[in-house]
Amino acid sequence: MIFRRAAQREFAQTASAVFVALFAILLSVQLIRLLKTAASGGTASEAVAALLGFGALQYLPVVLSLTLFVSILLTLSRGYRDSEMVIWFSSGVPLTAWVRPVLRFALPVTLVIAVLALFLAPWAIDKRSEYVQRMDRRDDLARVTPGAFNESARGDRVFFVESVPETDGQPDQVRNIFISLVQHGRQGVVAAAQGHVEVAENGDKFIVLTRGRRYEGTAGQAEYRLMAFDRYAVRIEAAEDSGRIEKSARSLSTWALLQEPSAANLGELVWRIGQPLSALVLALLAIPLSFVNPRAGRTNNLIFALLTFMIYNNLLSVSQAWVAQGRISFAAGAWTVHVLMLVLLIASFWKRLAVFSPWRLLRG
């Protein structure tokens, strides 16, 4: 009981520290990407928080799987480094005795990974895609980012607004506006000091520019017209809304994948099923991989273990792609990689438990 309690306590403490570090890295990378996109006008600034939450939920199964693997690996490696494992072995605790406490610690985490991979992550991907598509269907004024060039919903206009003062949460007025547009085959540029939004009786929105100029002409020709105006109205257009949200295999629920077993859906199912299975296999694989010579460092051991994790996940991705392309069957894609890793797991345990090694005999 002392052995089990000590193992469970140290597993939990190490996993908490590893998860906080990995989750902070995930949020930082996602936030940097979203802020970069928002600064260029590709994403609305008010959508950054929502997209950050959806992205974190999407990648959480991989983070938890890596946390489980690394926490068990670091805990057992510390035992080897501090000669604690020698004491346990001398007390009659073999290496296989670690399987039970590792499973008791790993099974609840694996269950959480399964729920995330099969249900919550697809929901987050679906909501993220739906949110992004709805943001893309905003009208031109809502898409404007102050200090950046923004394209209209139809792609025929380019807006630049220096500042957008907000009144009651709505950008009613704009200042120092630049609009490049094409009308009747002629290129036009409109510049004004300020403008405001008006709504017509039929519901159409217009941005009314005041005290500005319009330049109109054809590229490559010397014929240009210059017009000064006190008031100029430009209709604000919204993207066409078909009322349908495009869905991919990644955004479909697991039940929908089972109901429509196409090649792409089966490939996505291979990935979702593989997440909890790989987490459990890696947790057990961390036991033999944690061996460290107390007189040497554990850096090489940790690098090899992380490479094993990366290779495992890359093989899962390859299996998913091959099933989606119809190159292999669903059964082969779902189980081949895990069977290979189980063989590696058994071989690793045999290597650590074997008293007689043929490799040592050959080297001798």
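These legends go with several close-up views of a predicted model.

A note on reading them: residues are numbered from 1 along each chain as its sequence is written. Because the model is predicted, local features need pLDDT of at least 70 and side-chain atom pairs count only at pLDDT 80 or more, while totals for chains, interfaces and linings use all residues, and side-chain values use heavy atoms, with hydrogens and water left out.

**View 1. Confidence across the protein, from helix H9 to helix H6.** The protein averages a pLDDT of 81 (pLDDT is the predictor's confidence in each residue, from 0 to 100), and 80% of the residues score at least 70. Helices here are DSSP runs of H or I, at least four residues, numbered from the N terminus. Where pLDDT is low, the predicted coordinates should not be read in detail.

**View 2. Helix H2 and its bend at Leu-60.** H2 covers residues 48-81. Of its 34 residues, 26 are buried, so the helix is largely enclosed by the rest of the structure; buried means under 20% relative accessible area, exposed over 50%, and partly exposed in between (1.4 Å probe, protein chains only). At Leu-60 the helix bends by about 45 degrees, and a proline, Pro-61, follows within four residues. The bend is the angle between axes fitted to the seven residues ending at a position and the seven starting there. Just past the helix, Ser-83 takes a positive phi of about 60 degrees. Thr-75, also in H2, is buried at 5% relative accessibility. Leaving out residues up to four places away in sequence, Thr-75 touches Glu-10, Phe-11 and Thr-14 (contact means heavy atoms within 4.5 Å).

**View 3. The largest nonpolar core, with 40 residues.** Such a core is a set of buried Ala, Val, Leu, Ile, Met, Phe, Trp, Tyr and Cys residues joined through side-chain atoms within 4.5 Å. Phe-11, Ile-72, Trp-98 and Ile-287 have the most contacts inside this one. Helix H1 (2-39), H2, helix H4 (99-136), H6, helix H7 (299-325) and H8 each supply at least two of its residues, and H2 gives the most, with ten. Ile-72, neighbours within four places aside, meets Phe-11, Val-102, Phe-105, Ala-283 and Ala-286. Another core, of 13 residues, lies apart from it; Phe-159, Val-161, Ala-192 and Val-234 are among them.

View 4. Rings of Phe, Tyr and Trp (its six-membered ring) pair if their centres lie within 6.5 Å; planes under 30 degrees apart count as stacked, over 60 as edge-to-face and the rest as tilted. Phe-11 and Phe-105 make a tilted pair, 5.5 Å centre to centre with 35 degrees between the planes. Phe-11 sits in H1 and Phe-105 in H4, so this pair ties together parts 94 residues apart in sequence. Phe-11 is buried at 0%, and Phe-105 is buried too, at 11%. The rings of Phe-19 and Phe-23 have centres 5.4 Å apart and planes at 15 degrees, so that pair is stacked. Both lie in H1, four residues apart, about one turn of the helix. Phe-19 is partly exposed at 27%, as is Phe-23 at 23%.

**View 5. Helix H8 and its bend at Thr-336.** H8 (residues 330-353) has 24 residues and reaches 35 Å from first C-alpha to last, close to the 34 Å expected at 1.5 Å a residue; the expected span is 1.5 Å times one less than the number of residues. The bend at Thr-336 is about 30 degrees. Buried residues of H8 include Gly-333, Val-337, Met-341 and Phe-349.
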